[in-house]
Amino acid sequence: MARAWHTSAKKDQEWSEDYAQKVIRHLEIHIFPWVGHKPIETILPTEIVQCLYRPKDRGNLETAQRVREAVQHVYQYAVDVGALEPGKNLVNKNTGGLPPPCSRHFAAITEPAKLGQLLRDIRNYHGHFITRSALRLAPP
């Protein structure tokens with residue numbers, strides 16, 4: 001079922017080849033070894049949760065979330081094509097109780113004097129044209 005969904009989604013959503021490979025690889029590594037041999041209607045929610053906790057416990061929360069998202073799509077695809085009853089679609093955004101990813105904040109110059117100095121330094125930079133252009137686009 002997962003491979004059928006992948007083929008359909010790849011075509012319908014016009015995924016790049018690299019992205020399509022990444023999605024199927026996540027399933028091959030994190031889902032297929034444990035539940036890939038079972039019919040979708042016999043897979044227990046706890047089995048999916050165990051699959052999601054493997055990358056999470058290794059510190060790869062984002063991977064676990066991406067895998068959960070792919071599994072959600074597989075289950076919805078199974079419902080859509082009639083291979084699974086809607087009431088048996090037990091995978092959703094809360095499956096596994098994965099916390100939201102930690103947002104990263106990037107440093108920024110907040111002092112007017114230092115910002116002014118940065119802008120003067122960028123204006124006086126005489127390096128490569130592309131680098132100069134990128135620097136001029138980058139400030140606040």
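Colleague: Where does Glu14 lie?

Modeller: Glu14 lies in the loop between α1 and α2. Helices here are DSSP runs of H or I of at least four residues, strands are runs of E of at least two, and both are numbered from the N terminus. The model is predicted, so local features need pLDDT of at least 70 and side-chain atom pairs count only at pLDDT 80 or more, while totals for chains, interfaces and linings use all residues. Residues are numbered from 1 along each chain as its sequence is written, and side-chain values use heavy atoms, with hydrogens and water left out.

The backbone of Glu14 has a phi near 55°, a positive value in a residue other than glycine. Most residues other than glycine have a negative phi. Glu14 is also exposed, with a relative accessible area of 69%; exposed means over 50%, buried under 20% and partly exposed in between, with a 1.4 Å probe and protein chains only.

Two rings of Phe, Tyr or Trp (its six-membered ring) are a pair if their centres lie within 6.5 Å; planes under 30 degrees apart count as stacked, over 60 as edge-to-face and the rest as tilted. By this rule there are two aromatic pairs. The pair of Trp5 and Trp15 is edge-to-face because the ring centres are 5.7 Å apart and the planes stand at 70°. Trp5 belongs to helix α1 (residues 2-12) and Trp15 to the loop between α1 and α2 (17-30), so this pair ties together parts that are ten residues apart in sequence. Both Trp5 and Trp15 are buried. Trp15 also pairs with Tyr19, again edge-to-face, with 5.1 Å between the centres and 85° between the planes. Trp15 has a relative accessible area of 15%, whereas Tyr19, at 36%, counts as partly exposed.

In α1, Ala2, Trp5, His6 and Ala9 are buried. They cover an arc of only 100° around the axis, which puts them on the same side of α1; the arc is that of the directions from the helix axis to the C-beta atoms. An α-helix has 3.6 residues a turn, so residues three or four places apart point the same way. The face of α1 turned away from the buried side carries the exposed residues Thr7 and Lys11. Within helix α1, Ala9 counts as buried at 5% relative accessibility. Ala9 is 68 residues from Tyr77 in sequence, yet the two are 9.4 Å apart in space, C-alpha to C-alpha.

A pocket is an open set of points, on a 1 Å grid over the protein atoms alone, where a 1.4 Å probe fits, with protein on both sides within 12 Å along at least five of seven lines; lining residues have an atom within 4 Å of a point. The second largest pocket has a volume of about 200 Å³, a volume being the space filled by probe spheres set on the points, which are joined across faces, edges and corners. Trp5, Trp15 and Tyr19 are among the residues lining this pocket, together with others including Gln13, Lys22, His26, Arg66, Glu69 and His73. Two or more lining residues come from each of α2 and α5. By class, five lining residues are nonpolar, three polar and three charged; Ala, Val, Leu, Ile, Met, Phe, Trp, Tyr, Cys and Pro count as nonpolar, Asp, Glu, Lys and Arg as charged, and the others, Gly among them, as polar.

Helix α1 takes part in the largest pocket as well. This pocket holds about 250 Å³ of space. It is lined by 16 residues, and the closest to its centre are Ala2, Phe32, Val35, Gly36 and Ile43. Ala2 is one of the buried residues of α1. At least two lining residues come from each of α1, α3 (32-35) and α5, and the largest share, three residues, is from α5. The lining of the largest pocket has 13 nonpolar residues, one polar and two charged.
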